[in-house]
Amino acid sequence: MPELPEVEALREYLDEHLTGRVVERVLPLAVSVLKTYDPPLTALEGQPAGAVARYGKFLDLQIGELHLVTHLARAGWLRWHESLPAQPPRPGKGPLALRVVLEGGDGFDLTEAGTQKRLAVYVVHDPQEVPGIARLGPDPLAGDFDRDAFAALLAGERRQIKGVLRDQSVIAGIGNAYSDEILHVARVSPFKLASSFDEEQVTQLHAAVVDTLREAVGRAHGVAAGKLKAEKKSGLRVHGRAGEPCPVCGDTIRSVSFADSSLEYCPTCQTGGKPLADRRLSRLLK
């Protein structure tokens, strides 16, 4: 799933390639992708593109007086093409969900792999009309996301810290992969209750959030859209690396599986050497 660093890199890429260009056609290829119908997609045609913004994991493309907002969800992606075919693609064929053609023949596709179709596109007058944007918590790269603001978010939270970091209404933009990375940097168990952090641990975790995301954004800066996925994977320390040695201590990275996802962690760095219970595996062993 694209998270804050990758979406920020896409924002930078689109801001460079899209701003000032005129949209010629917008072609929806998957019925499930479009979440709004008024204004219609055709209202974007013939309009110039303005600045590109990011809200958490949402991309906001200002086109004329409207906004084309997208959330790439778990398996969505944006693919830029220097030259798009003149013949419109056939709906329902392959992963293609939406195509935006610019004057001059270039543009981009929104694609989505897999069978779970969650990629979302909205055409709105104001990005705050998108429910997912309206409920977002603060951006962890914003100037006012300081240690005290972070502490206030954790105060009274009875949930495990892994879930809190992933909750978009608490902090915008962090998903499964970077929450694993942040907790590894902070040397914190993903199952630790957010409300149980002492002052020093809050400070340490805040620094891990900001530093991890900024470093990831830095790595992704200037990387072409088509190479961002590979860049993300290469920069991850523990997420998706179960069975490999921890880059800090050398212990074996372990995984905990859930119904539709998993988390990775280092027992030595994060849990005092104790492996966390894998509930799905425990059920299989009974």
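Is C246 buried or exposed? At 4% relative accessibility, C246 counts as buried, where buried means under 20% relative accessible area, exposed over 50% and partly exposed in between, with a 1.4 Å probe and protein chains only. This is a predicted model, in which local features need pLDDT of at least 70 and side-chain atom pairs count only at pLDDT 80 or more, while totals for chains, interfaces and linings use all residues. Residues are numbered from 1 along each chain as its sequence is written, and side-chain values use heavy atoms, with hydrogens and water left out.

Let's stay with the cysteines for a moment. A disulfide here is a pair of cysteine sulfur atoms within 2.5 Å, and the count by this rule is zero. For C246, the closest cysteine sulfur belongs to C266 and lies 3.7 Å away, so it is too far for a bond. C249 is in no disulfide either, with the sulfur of C266 as its nearest, at 3.4 Å. C249 counts as partly exposed, at 36% relative accessibility.

A search of the whole structure turns up one cavity of 30 Å³ or more: a cavity is a set of points on a 1 Å grid over the protein atoms alone where a 1.4 Å probe fits but cannot get out, and lining residues have an atom within 4 Å of a point. The largest cavity holds about 40 Å³ of space. Its lining includes P5, Y178, R219 and K232. By class, five lining residues are nonpolar and four are charged, with no polar ones; Gly would count as polar, and Asp, Glu, Lys and Arg as charged.

Technical notes: 1 Å grid on protein atoms, 1.4 Å probe; cavity = no way out; pocket = protein on both sides within 12 Å on 5 of 7 lines; lining within 4 Å. Points joined across faces, edges and corners; volume = space filled by probe spheres on them.
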